[in-house]
Amino acid sequence: QTQLIKGKIAEVTGSPVPGVNIILKGTSVGTTSDANGEFSLQASTSDVLVISFIGYQTQEVEVGTQTQINVVLQEDVSTLTEVVVVGYGEQKKKLVTGANVQVAGETLQKQNQVNPLQALQGQAPGVSIMSTSGQPGADMKVVVRGLGTIGNSGPLYVIDGVPNGDISILNPNDIKSIDVLKDAASAAIYGAQAANGVVLVTTKTGSAGKSQVTFDAYTGLQNVNRKADMLNADQYKTIMNEAALNSGSAPIDFSSMNGLADTKWMDYMFKKNAKTSNYTLGITGGSDKSTYAISLGYLNQEGIVGGKAVSNYERYSFRTNSEHKLYDGILKVGQHLNFNYIKNNGVDVGNQYSNTVRGAFNTSPLSPVYSDNNLYDSPYNDTRNSPWYNGDGNPYGFMMTTVNNRNNAQKMLADVFAELAPIKNLKFKSILSLNYYSTDYRSFKPLYQFSVYSYNSDHTTTSQNTSNGNTITWSNTATYDLDLNDHYFSAMIGMETQRFQGSKLSGSNWNLLSQFNDFSHAYLSNTVGQAHLDSDGNVIETRVVGGGPENLYRRVSYFARLSYNYKEKYLFNGTIRRDGSSRFAQGNRWGVFPSFSAGWVLSNENFAAGLSDWMNFFKLRASWGQVGNQDILDFQYAAPINTSTNVSSTNLAANYTFGNNNVNVPGAYPSRFSNPSLKWETSEQTDIGFDAKTLGNRLDIAFDYYIKTTKDWLVTPPILATAGAAAPVINGGSVKNRGVELGLNWSANVGELKYQLGVNGAYNKNTVGAIPTDDGIIHGLTNMLYDNSEEFYRAQNGYAIGYFWGFKTAGLFQSQDDIVAWKEAGNGVLQNDVRPGDVKYVDTNHDGKIDSNDKTDLGHGMPNVTFGFNIGAQYKGFDLSITAYGAAGNKIVQSYRNHANKYANYTTEILDRWTGEGTSNRIPRVTETNVNWQFSDLYVHNGDYLRISNIALGYDLSRLIKSSYLSKMRVYVQGQNLFTFTKYNGMDPEIGYGTDKWVAGVDLGYYPRPKIVMMGVNFKF
Amino acid sequence: NFYRTVADAEMALVGCYDGYQRTSSNGNLAFYVTSEVLSDNTYGGTGSTDGRGYQALDRFDPSQSPADNNLFNGTWSDYYAGIFRCNKLLSKLDGVNFESKPEARVRIEGETRFLRALMYFDLVRLFEKVPLLTAPTTDNVPQASPAEIYKQIAEDLKFAAANIPADAYPKANAAQNDGRVTSYAAKALLARVYLFYTGYYGVDDLGVTKAEVLAGLEDVVASNEFGLLTEYKALWPASSYVPAANNTLDRSGYAGEGNKETVFAQKFNNTQDYNGNVDGNRWLVMMGMRNTNWSPYGKGWGACTVEPKLVAAFDSDDKRKSASIIDIAGESITGFDVKGQREYTGYSNKKYTPTALPDGSSNTGGSNDFQISQDQDFVVIRYADVLLMAAEMGSPNAQTYYDAVRTRAGLSSRAVTQANILEERRLEFAFEGLRYWDLLRQGLSTAASTLAETQDVLSAGVADQVVIKEADITKTRGFMQIPTTQITLSNGVLVQNNGWN
């Protein structure tokens, strides 16, 4: 006897919940709630409705005599049944014995960031993420638990089980969750690639039930948060004149110079209201046999430096995931396909010689932006004849004229998998994946003349490069679960092989056909430059072509894991992995990486029963493991002979010309020493922590303490010049990272207000061990802060990696007496002709002279402390979210000015310079030399900051517009990076950039992250 | 599998030549430029806002540029990279199968050892005590004594002189082989080494006698391979080019590369770029008039402004004066960038300077970038030097040799004395990188007193003074600063030269 039962499903707040499964217990008969949360089905009085929905507690309701059943879903705050993704599988979160952190896709999507890693900032304690530039599409510097090496320190990314994917190109809307494996025990199943942590990305899949269509869109305007404050013309003249007088030069007669400008270069460099927009269409659905998820996305972000023409990022993304059950679920097959097409172009964001923004710091305001035609186009706009200084470039003209590049990249990450479960508890899984990329780049160097140093007046050059390659990975695992009453075992064994191959092609040629002389026509086919004779009758080849294979790389791995628990109270995990890699010579190819971890769920003990009111869950865990790093170029173990083929700026030709015909004869030489004993870099880590849930499951706590030691670094140490060739990569050097991490999450309801608070923080201390060079130091690069500047960072025993190494200062000499007293006290001075107003460099070893022996630790660019918090609240269709993150303990080296150029502009900080006794004790008198600007703590600033990265306020209009199709229509306004609290006076305190990959916080004129104001909609049908 | 065949060895030998070329084409502080800055031919010069590294050299005074303690790091590295290539090839020669061409074995070894000797000779003159490596090693090698280094140089040169067949690279075929090491080049270089070593150190223990060295020079003369050009100015592009119609240069007055007066040259090509081709004469641009194109002279960075006392030393009849020196006022050159020039004296080097077309554009081949496309060869040893060295060492034909050089310059005969020869050398070889070493081999005190001076100049258009102190020169004993980076890397095994710490 069945009758029609009707009902409605709602949240605590009263809003209807569509898509909820309602099944008659013990049957497969059921339905799902519609857009209004309503459902109806036939049931008998003895039936029990099972109402389930992800993220909510499953409820059972006896039908009895009811015909109208309204259900209020209770959110499953006790997320103990959650599963987290671990290497080659999943695990119940409550049984995890390692240190890992999961961030839900929704959390990431709310941020509306271009790159998933940006959205992850401040969400995962112990995972430091810094942008290396604010340019759209720029890389993020990701460091898990402190820098472990001066080599590649980025984590391994595994996307849907496939290692070595590119996370930065994923559409954040496609991500279901990101799990970061922080400790060695969790990561060790990835062996030789896991020394710097592992980031597991899971993309969205469909679920059985009603199909759903979502459409998300936003559009926003971006602006620079803070421009560097440079001297204007009057201030500049004052300083130049004063510097000349202080240096014994004649005063400068500006009045005799006609046509001096007052150019605010910063205003030209930054574009106001640069646009950004994003559209994503998603479709998910499925039956109990097949599920699918399809999405289509388009994103565009203009750069705030120069705007779309010179700095822009565009992404088209496509994704389909599906899964199918065959033979009653014995066999499951599925696939993932991510395809991204990215078009981008950009300004230079590298070191002082390739940094577009930096030009604006070093050009005087007296130089004009335009000469006559007010255009930056061909024929070029010659601004070299500034009456003040003909060496002044034109940073704006240079940017708008010479930044002509376009990069098109297609990246596909695809896999098919099959999972066979022939008998209960036994599963075989096989994944075959293809990671394919193809890039196509072209650039055009036009004619220009901006200064006597900055010009190209002979010929234009057009270049095109393409490359493509693919990585095929095949992994196979077998899992067997065994449940012997209270003893639960799960064993997994597997193997994986990987092969990379690729090729590249490049060409360049001079001069375009005259009617095609611009960037849009800059293709090699339109060039006319061909071999011709120069004035000496020598043959000049203007066309350069090259092509070749990428180095083939192969890896084979075997691994196993055993998990055991007794009544979910005592937990144990062990893994072992053996990796073989072609990056090493035969004999050193194989490495073995073990790990063990254990947990004890105290809250399941009888003695804890009385505490369960407030301590709902408490688990202690400890782990130990070893992981490796092999992230170096191929063939580093061998000594190559350079034969003048494949010539590039890093592979110099060995030609010589005999006779008088200017013909190059190719030579050969060994360019690098070999190191056949090269082997894995190893990282060993011990972790102790706990996970807890208290106060009625409303407060989540996760705490970790770790010691991570990385040894046998793969490094290229500096080598004595007498060796005569480049140093090989060697194993040597070590670093210890120690730290604590704490994550707190609170969620609760107050009436109809639902809110969540999350706070997390991490502290890490980084200390380098012995370095295997004669002087025990890995030296930083020179010429990085200004022309001919000295080394200013290094890696050395007892200090943090990449600590800043320079002079301490003790203020300024205020008077001649002060100088005399300083010298009488036995202190040295660096200035040849020291005067009041000069810097007191501290004679730290007190030997009466200032030299490199006095240089000392001035702090480091990587933060000791990173933290983040987020706030979420929902009330009657309104929602608010705030996300913030920050760092402390990090220093920033700011070098905006090229002190080797006496005409370079200053920031207005120089207005506080010393001009007489007592006027300043920090900013020295101005001179035409850089003797007061040797690298010292004057360059070093505190880099602590707190950034409110996201504030969003939304309202769900579907509460007002009742439609049976529309279940959600949220409109929102959002601000990104609206507030940054810092004492740093530069344009942006979040500086992941360093002149080497093991140093951060070097501000040479940093492309700042924009401040964005946007509005958007989320539709769900 | 390299270093197996004769072709491999020949290719590796070219690699050694390239290594020697890189000591100029890598763009580091070149031996030539240093030699001129240190001498009393030129001051440091350069741009008025540039660093004062060249001033530190010119005045033997590190306090001119206290932060510059790595001026020679690139130079030092370039030389050792070149030496490494030679050592590597020499160590592999025994494994090369020379069956198809047995005579190539000693020729290749001779050329390689010459290049190694030449590079050590530059190093030992610049820094005196340097690590002496005769086989490839990554060891932290301490500095050797000058005696050991000079002995090795002499041995290498003797080997080259004795083993490179006299007809290996005949002058008649200079269009194809100019730049190759010949036994004559080895004999001439050995004489230069002998004169410097015995002169500066006052000892004669090189393992070769003066008579043997002189005999080598006489061989060069007797070979009839070489001769003096009729016109002195024909030796140099900028001295002999004449602006002509249709924006061209009349080059007919230039004798060209590999002319009969060239005994050995460091060759350059105009193919230099920023993508891995390093073949250019990178220091030539330093010598050009600062930012001033005045055809046939091309612009450069204004290093090595010419000392007025050198200009005054030329006799007014001496044809070499106008062939060697650009007289900015005297040649009515206008538009000179005085404001940008440091230590302006009114004179510039004409022998080694970029050239320009009549319309003021730079005259180089390649990608026509005046900063990197310069390819004027550096003539390391000129036949006039062979004649004057032979005269100085007491050749029976000393007077003939000496007069030949003087007559070509348009001067009359003069008694062939040591002092006269040295004065002749100063004028004959002005701006050829020889003067400083000729002074030093007359003894440190002679060198120091000759170099010391106070001279008024203009820097950035305002009055400035160059003050070179005898005491500073004496303190350094005439040697240069060992790069601090290398001392640090060696953990103190390398010891800094006096006067530079």
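Over all chains, the count comes to 80 salt bridges, a salt bridge being a side-chain nitrogen of Lys or Arg within 4 Å of a carboxyl oxygen of Asp or Glu. The structure is a predicted model, in which local features need pLDDT of at least 70 and side-chain atom pairs count only at pLDDT 80 or more, while totals for chains, interfaces and linings use all residues; side-chain values use heavy atoms, with hydrogens and water left out. Residues are numbered from 1 along each chain as its sequence is written, and chains are lettered from A and ligands numbered from 1 in the order in which they are written.

Side chains of opposite charge can pair when their charged atoms come close. One such pair is Arg113(B) with Asp156(B), whose closest N and O atoms are 2.6 Å apart. Helices (H or I, at least four residues) and strands (E, at least two) are DSSP runs, numbered from the N terminus. Arg113(B) and Asp156(B) are both buried; buried means under 20% relative accessible area, exposed over 50%, and partly exposed in between (1.4 Å probe, protein chains only).

A second salt bridge joins Lys309(B) and Glu453(B), with 3.8 Å between the closest N and O atoms. This pair links distant parts of the chain, as Lys309(B) is in helix H12 (residues 308-313) of chain B and Glu453(B) is in strand S9 of chain B, 144 residues apart. Lys309(B) has a relative accessible area of 28% and is therefore partly exposed, whereas Glu453(B), at 12% relative accessibility, counts as buried. Asp438(B) is buried because its relative accessible area is 6%, and Arg441(B) counts as buried at 9%. Salt bridges that share partners also form a network, which includes Glu261(B), Asp318(B), Arg320(B) and Lys351(B).

Strand S9 (residues 453-459) of chain B also holds Ser459(B). With 12% relative accessibility, Ser459(B) counts as buried. Its side chain has a polar contact of 2.6 Å with the side chain of Asp464(B). A polar contact is a pair of N or O atoms within 3.5 Å; within protein, one must be able to donate a hydrogen and the other to accept it, and residues adjacent in sequence count only if both atoms are side-chain atoms. The side chain of Ser459(B) also reaches the backbone nitrogen of Glu343(B), at 3.0 Å. Neighbours within four places in sequence aside, Ser459(B) is in contact (heavy atoms within 4.5 Å) with Gln341(B), Arg342(B), Glu343(B) and Asp464(B).

Helix H14 (residues 383-392) of chain B is mostly covered, with ten of its ten residues buried. Among them are Tyr383(B), Asp385(B), Met389(B) and Glu392(B). The buried residues of H14(B) pack against several elements of chain B, including helix H8 (183-201), helix H9 (210-222), strand S8 (378-382) and helix H15 (398-408). Just after H14(B), Gly394(B) has a positive phi of about 90 degrees.

The size of an interface is often given as the accessible area lost when the parts come together. Chain B and chain A bury about 5300 Å² between them, 55% of it on carbon and sulfur atoms; this buried area is the accessible area (1.4 Å probe) that two parts lose on being put together, summed over both. Thr49(B), Phe84(B) and Leu489(B) supply 12% of the area that chain B buries against chain A, more than any other three residues. In the interface, 68 residues of chain B are in contact with 57 residues of chain A. Between the two chains there are zero salt bridges, but 14 residue pairs are in polar contact, both residues at pLDDT 80 or more. Elements that give two or more residues to the side of chain B that touches chain A include helix H1 (6-25), helix H4 (73-92) and helix H20 (484-489) of chain B. H1(B) gives the largest share, eight residues.
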